[in-house]
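Student: I would like to learn how to read helix packing and chain contacts. Please take me through one case.

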Amino acid sequence: MIQVSKLSYIVGKRHILKNVDFEAHAGELLAIIGPNGAGKSTLLKILCKEFKSSSGEVLIKNKDLNSYSLKELAKFRAVLAQSNLLSINFTIEELIMMGRYPHFKDNPSENDLKIVNQVIDDMGIEHLKNRSYFTLSGGEQQRVQLARILAQIYDGKESILFLDEPINGLDLLYQQLILEQAKQLAKMGFCVVCILHDINFASKYADKILILKDGEKIGYGTPKETITVENIRNTYNTNVKLIEDSDVDYPFIVPISTT
Amino acid sequence: MKKYIRIIGLLLVLLAIACVCSICIGAVKIPVDSLFSIVLNNFGIESEKLFTAQQQAVFSSLRLPRMLLGVLVGATISIAGASIQGLFRNPLAEPSLIGISSGASLFAVLMIVLEARFFQSITAIFGYYALAIAAFVGAVLTTFIVYRFSVKNGRTDVTSLLLIGIAINALVGAFTGLLTYIASDEQLRNITFWSLGSLGGANWKTVSALLPFSIISIVGLLLFGKTLNAISLGESQAEHLGFSLHKSKKLIILFAAIGVGAAVAVSGIISFIGLVVPHILRMSVTGNNRFVLPASAILGACILVAADLIARTIVAPTELPIGILTAIIGVPVFLYIIFKERKRRISG
């Protein structure tokens, strides 16, 4: 679905991204992890056409990213940005309807209304429907935003979701709710690309993990292949202990000391 | 959406009432039945004449154009205010506050005083529209300057925004002050008129000079309800929804400036209307621009017609500059918004 090859992004003399390549497929959740300043958000912005890469190629559905207009992209690709500060107060229903904006001109069609209701149902936010956005807690706001972008691509074929640190600042329950929803979407056939800071959550939910450091790819593969003591030490300058437990089917780490 | 249409209907009724009141009330009273009779006769429908020649003259050459001017100016500056606030993602971005109206009036004043050959040759080409066009150019220039300085990465820096407003307003004040030294008596009267704002200059000429600009501005801005809603999510979020903002932003500034420029050219700076009207609607109904934009135009027209009615009757036979009235209503609302913003920043 997404093929990135030899992607570089240079600002002045700084290489923000150096020859990054990876692929993301339909039905798969790809987590991108790495320390602050590794180039994760930049990579996502290039994939969203917000920044233009210095060299390399991005193919989306086997077509060059640059051949799509913003409007075309919006029909099958949705983005949950890192910070979502609204300048106007909307009701939750209105906000989620905004996700359908790429699909109607003046007034929403029957189908758009149906999808909004469906999404509200799927996300279990029926009780928030008529509340106004500013009265919600951070976790609720994030879920509603996720609902909005889900509504955007709900009926698209082979849709793509980009999530930029979707669980920042949320409590343990909401972190899992959001990621479980993301995982569920991947299982339904969406291609989900998600930037995460929490290595253990990445390991738990991702099908593939891409590790970036200083703009370079340190590792790319399944959690078992990528979450290793060496990779984490190389990436975060931290010594960790890798733990495998029979109750937990993914590798998880506990930090021990900084190197 | 149905609820919004109902409210818009209600506002239209309110506007109609304000318009009838503004035509009927004044030094020469025109009772409602006389008004009907005048209108019927004007359309060539034969009926009993319930009015005097004086009433008819007052109606057709004073009250009607003045009412229409009030409607056009009020609607235009309110919808422009609502759109500029949406574009800057900030409720304080009001054309007169951040210097757009001042920029427009500076150009208009320059034209009057420097009435140089240059102005005369422009007037020869554009006729009565020359002043409106000059004001429009001033409005566009200041809007671009303000936007450039105060918006970074899609976020409005409120401090810079208001400081630029202060700077531009001060600059315009200084220029206008300077020009009063070299202005003739008649020019002086015109300049005072620009700084206080008034509908006193209303006649069919001013109405027809404003009409095309108003319509272009209002219709143009109404097209951007969805875009402005998307911008409220954030600029990159709007692009993720498929809106290419590069073009839209310029068009919104252009349409708003056309309206503000032309309104300033015919009625001077009438402050705070563009701030208060959209804000009342956002607080009491919704922030959804698909509603706020059309409703602002109607409520703005309604409030300005009503304010003008008060301005010209409360100290009759003289007239109060309407800017004084709008400021008396507007300043408390302005302060309230600032307090509320601060509270939100502290708690959120």
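Tutor: Begin with axes, which are lines fitted to C-alpha atoms, for helices over the stretch in contact; angles run from 0 to 180 degrees between N-to-C directions. Helices (H or I, at least four residues) and strands (E, at least two) are DSSP runs, numbered from the N terminus. This is a predicted model, where local features need pLDDT of at least 70, side-chain atom pairs count only at pLDDT 80 or more, and totals for chains, interfaces and linings use all residues. Residues are numbered from 1 along each chain as its sequence is written, chains are lettered from A and ligands numbered from 1 in the order in which they are written, and side-chain values use heavy atoms, leaving out hydrogens and water.

Student: At what angle do the axes of α4 and α12 of chain B cross?

Tutor: Two packed helices are described by the angle between their axes and the distance between the axes. Here α4 (residues 100–113) and α12 (residues 245–267) of chain B cross at roughly 55°, and their axes come within 9 Å. α4(B) is therefore oblique to α12(B) (under 35 degrees is roughly parallel, over 145 roughly antiparallel, 65 to 115 roughly perpendicular, the rest oblique).

Student: Which residues of α4(B) and α12(B) meet?

Tutor: From α4(B), B:I100, B:S101, B:A104 and B:S105 meet B:V260, B:G261 and B:V264 of α12(B), contact meaning heavy atoms within 4.5 Å.

Student: How do α13 and α14 of chain B pack?

Tutor: Helix α13 (residues 273–284) and helix α14 (residues 289–313) of chain B have axes 9 Å apart, at an angle of about 125°. They are therefore oblique to each other. Among the residues making the contact are B:I273 and B:V277 of α13(B), and B:F291 and B:V292 of α14(B).

Student: How much area do chain B and chain A bury between them?

Tutor: The size of an interface is often given as the accessible area lost when the parts come together. Chain B and chain A bury about 2,200 Å², 52% of it on carbon and sulfur atoms (accessible area, 1.4 Å probe, lost on being put together, summed over both). B:K226, B:H240 and B:L241 supply 30% of the area that chain B buries against chain A. In contact are 22 residues of chain B and 29 of chain A.

Notes: Buried area is the accessible area (1.4 Å probe) that two parts lose on being put together, summed over both.
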